[in-house]
Each structure stands twice: as C-alpha cells, then as structure tokens.
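Please consult the sequence and the 3D structure while reading.

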Amino acid sequence: MLLYKNEAELRIAAVDTAFRRDVLNGLAARPRSIPARWFYNRTGSELFEAITTLPEYYVTRTERSLLSSAACEIAELTGRGRAIIEFGSGCSTKTPILLSAVRPAAYVPIDVSKEILWASAERISQSFPDLPIYPLEVDFTQPLRLPGPVASTPTLGFFPGSTIGNLLVPQAVDLLRSMAAALGSDSMLLIGVDQVKDADILLPAYNDAQGVTAAFNLNLLRRINAELEGSVPVDAFRHVAYWNDSEARVEMHLEAVRTVQFEVAGRRFAMAKGETIHTENSLKYGPQDARVLLQAGGWSPIADWSDQHGLFSLILAIEGPPPTATCFHRQPGLPWSKGMQ
Ligand SMILES: C[S@@+](CC[C@H](N)C(=O)[O-])C[C@H]1O[C@@H](n2cnc3c(N)ncnc32)[C@H](O)[C@@H]1O
C-alpha cells in the first residue's frame, strides 16, 4: 500500500540546489571533497547494488546473515507493531527479513535516491500488500518529520549497511541525536556497524577486481556533468581507495591522472596531476567504540550480534539512558556481545 508520492516529488528542486552548492564548495575547498550522499543518483544506486553482490564486499552478505539469524530475537526485544523507519533504505534488500520478523504497523523508507526509493517501495508493497508504506525522499541529516499516520506509533529505526560510517564522528552523533528526536521516546534503533579489521580484507571491498567500485566513484563526475552543466574529463581521473589508520577509515578519492581544467555550473576549476577529490569516508568501529558512539547520540545499546570473524555488528538500542537491567552476554573477544557462531 504505497502512499505520499506527490509530497516526495515536491522536494526534488531543493535536492538539486544542495547538490550544486556542495559540488561548487567542495571543488573550491582544499583539500577538495564532495559528500558521499551525491553518489546516489539512479546509476549510482544501481552500481552500489552491484557492489553489494561482489565477492570482495563482505558487508552486505555478513549483515544479511546476522539479520536472518537474529531476526526472532530482535522481534522478541522490539515487540510487534512498531513502525519501521529505514534510513538510507536504497534497494531495501535486507528489509524483508526484518519486516517478516517484526510485523510492523507501517514502513517508512527514507532515501535521497528517488528512483531506487520508489522502485524498492513498490517491490516491498508487492511482498507485503497489507503493510502501509510511506516513502520519504529526503536528506536524513536534515530535521525529520514522520508522516502523520505513523507519528503516534512506537517506532523502530533501521540503519543498515554501515551508512553511519560515511559520516565523521561529530556528524554521526548529530544524526543519531536527530534520529532519537524524530523517532520519539520509547523508540528503538537497529543499526549495522562495520568493524575495524585487517586492511587486506577492507581494501578489496573498496577496490574490487571487476572495477565496479571504480565505476561507482567515477559516476559522481558523470552526474556532475549531466546535472550541473559540467565539462569534467572523466577519463582524466582514476579511483583510489586507501586505509587511513589514524582515523580508522577507508577513504575513496578521485585522482587527476594529468593536469585538467573544467567548468561546473559556470565556474572554472583546475587540478594538477595527482590532486584528488575526496569522495567518501567509511569509518570502522571497534565494538566498544560503536557503543560509545550510540550513547553519545542519545541511544542505549541493549543487544548486539557479531559474526564469528568480527567483521560486522548489528546493534539494537533504545532511545534515552540505559535501562536498569540489560540482556548482554559476554563473549570471548567480543565484549558484551550476542555472538553468532
Ligand atoms: C551505503 S548505501 C546503503 C544502502 C542499503 N541501506 C544497504 O544496506 O545496502 C547508503 C544509502 O543511503 C542513502 N543516503 C546516503 N546519504 C543520505 C542522506 N543524507 N539522506 C538520505 N539518504 C541517504 C543512499 O542513497 C544509499 O541508498
């Protein structure tokens, strides 16, 4: 049951203005950087979906497996009948596992990538025909107002895919706080967090052998050319990914392979050979770091699930300060964790 399409269509103009501002400011800044959210036009979302099926990209298959094995336990902890609000829902491929287990009162997918948002909502509505679905094509970093019909329903926020890692820590804390404010008291949050691990596992996930991640990164330049009257010579750039150990993050950049000059929205830019545009951060967290992050953002973790290799964690948290009794188990090597074997 798909609702609210017209309201979402009205927001498109505002998104385009923000894209122009972020690209022009980002290209003029030193170091140059453009926020990762602008990867996600239709092609960007399709390329990201292709990334999630690559052998090197352990993130999606590990999170899906954790979600499948923990689904009943999650439903016991959340109870039934909450509204599920999914932040950065993309293709919503893991969502049916949660919807089947939790049997929500409504589903609100939120994404800036409009085609993928509506196509995914349509697919979910075919699998769950009685479920009211209210897609929101909005930037989740902006203050969020829930659709009227779910505003008075208890909520479960769902933030999978380690999208939280695309934000620097202060931004992540701000986002978690604004989620807590929007979802309301007694709300819960199920979040997927990628763990710190060896660079020989991390780096191929961001620089795959088939070049899909490179195409995803370079698509940002194609989007700039198409939507902002750009003349960026895409073949003059290459995809670069590396591990920044001091910041515990994988960084993606677009590096100029020769001196280039181009225009975007009437402004001229020049880049020397070797100069880069920083396009994505993917911060990785240790188990305790993720708990501290959630607490700083106004959430109290009550349970978490990690795979046996410690690649990825799913954490369930409640809004506000910790409850008096918790349901954590201590696992060797995985502090206060409900480990999956
Ligand atoms: C890393 S992908 C994750 C997709 C999916 N949730 C998953 O787990 O595979 C990030 C998703 O968040 C969306 N997104 C990124 N920044 C956003 C923002 N500021 N507001 C709304 N959606 C955003 C992107 O369009 C994309 O679909």
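Gln195 counts as buried because it has 21 C-beta neighbours inside 10 Å; a residue is buried if 20 or more other C-beta atoms, placed from the backbone, lie within 10 Å of its own, exposed if 12 or fewer, and partly exposed in between. The structure is a predicted model, in which local features need pLDDT of at least 70 and side-chain atom pairs count only at pLDDT 80 or more, while totals for chains, interfaces and linings use all residues. Residues are numbered from 1 along each chain as its sequence is written.

Gln195 lies in the loop between strand 5 (188-194) and helix 8 (199-205). Helices (H or I, at least four residues) and strands (E, at least two) are DSSP runs, numbered from the N terminus. Leaving aside residues up to four places away in sequence, Gln195 touches Lys284, Tyr285, Gly286, Gly310, Leu311, Phe312 and Ser313; two residues are in contact if their C-beta atoms, placed from the backbone, lie within 7 Å. Gln195 and Ser313 are 118 residues apart along the chain, yet 7.0 Å separates their C-alpha atoms.

Phe140 is placed in the loop between helix 6 (114-127) and strand 4 (155-159). Phe140 is also buried, because 23 C-beta neighbours lie inside 10 Å. Its contacts, not counting residues up to four places away in sequence, are Phe87, Gly88 and Ile110.

## Paired strands

Strand 6 (residues 237-244) and strand 7 (residues 249-256) run antiparallel and are joined by eight bridges; two strands pair if DSSP finds at least two bridges between them. Ala241 stands opposite Met252 in strand 7.

## Two crossing helices

The axes of helix 7 (residues 169-183) and helix 10 (residues 287-296) come within 8 Å and cross at roughly 55°. Axes are lines fitted to C-alpha atoms, for helices over the stretch in contact, and angles run from 0 to 180 degrees between N-to-C directions. Val169, Ala172, Val173 and Leu176 of helix 7 make the contact with Leu293, Leu294 and Ala296 of helix 10.
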